[in-house]
Amino acid sequence: MKRTFIQQTLALAILATLGTPVLAQESAESWPSKPVKWVVPFPPGGAMDAIARTLGEVASRKLGQPFIVENKAGAGGNIGSDYVAKQPADGYTLMITSIGIATNGALYKKLSYDPIKDFAPVSLLAVVPNVLVVNAQQKDITSAQALVQQAQQKPNKLTYASAGNGTSIHLAGANFTALTGVEMLHVPYRGSGPAVTDLLGGQVDVMFDSITSARPHIQAGKLKALGVTTKTRSSALPDVPTLEEAGIKGYEVSPWFATFMPAGTPAPIVEKLSQTLNDAMRDPEVKKRLDSIGAEPIGSTPQAMAQHLKTETERWTKLIQTAGITAD
């Protein structure tokens, strides 16, 4: 009786040991065999959320399983990022994130995750340019060069609004002052909406806003666009020059969005998802929907995304530390 119990216990232990790798290492051919959770670490309604939902619909059709978007907002994207970093590396959790994954390590004194080590890069998705805008009634600032001249004449008198400390909108302004050597007063808000409201009301002078939220006001004639922050012109505002073209030499800020999975996710699954998303971004309907929010689809391999993250982290860490910017 005792011997039979021991034999049964050993047999169960062997079966459990044999079964574990099979569950943990699902093949790329069979993946996904159940719904995939796509975490958006910001509230619904923004460009990031729209990109995830658009691509998630296409991925669901191509791969035969639902891609379920979950918004886990808070702390500049850190709550959602921390959640994903701690999920099983089985291919059933991914996140979309922004340039913030390259900046948060320098902006926050303590992070509960490592932006580099805790994630497996999947693909660069899209760039949504920022655009330098002023109130259309503003008579003194009609170009980027005029802004520089005004700022030189009035050090720390002109104000630039942002969606909050450390956001790409703030960093776009910080990069502008660093390259031009002018001094302007940064006014952070809790989100782009209230910042734009005050810009329209004349409480602040200029803003580097996301093209997604600025374009309707530009088209309505309420805001004047002085330049886009990206290296090339935006198809959403083709008549607006880049800031480099407008005379700010060396200027380029490209707010990007990308996908990541928990570190250790099997490479074949990462590659399969990357290829699926890259194919989706070539879909005419997807391009049309991304264009409606001013997003420029890009795509990349996981390897190229890893290198991009490294380069961007080094670049922004240097600027953040030099300017003394903090999000805490």
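What we have is a predicted model, in which local features need pLDDT of at least 70 and side-chain atom pairs count only at pLDDT 80 or more, while totals for chains, interfaces and linings use all residues. Residues are numbered from 1 along each chain as its sequence is written, and side-chain values use heavy atoms, with hydrogens and water left out.

Let me start with α11, residues 302-323, where helices (H or I, at least four residues) and strands (E, at least two) are DSSP runs numbered from the N terminus. At 1.5 Å a residue, taken times one less than the number of residues, its 22 residues should span 32 Å, and the end C-alpha atoms are 31 Å apart, which agrees. Its buried residues, meaning under 20% relative accessible area with a 1.4 Å probe and protein chains only, are Pro 302, Met 305, Leu 309, Glu 312, Trp 316, Leu 319 and Ile 320. They cover an arc of only 110 degrees around the axis, judged by the directions from the helix axis to the C-beta atoms, which puts them on the same side of α11. On the other side, Lys 318, Gln 321 and Thr 322 are exposed, that is, over 50%.

The buried residues pack, with contact meaning heavy atoms within 4.5 Å, against elements including α4 (100-107) and β10 (256-262).

That brings me to the sheet, an open one of 6 strands in the order β2-β1-β3-β10-β4-β11 with mixed pairing, where two strands pair if DSSP finds at least two bridges between them. Strand β3 (residues 93-98) runs antiparallel to β10, joined by 4 bridges, and Thr 97 stands opposite Ala 258 in β10.
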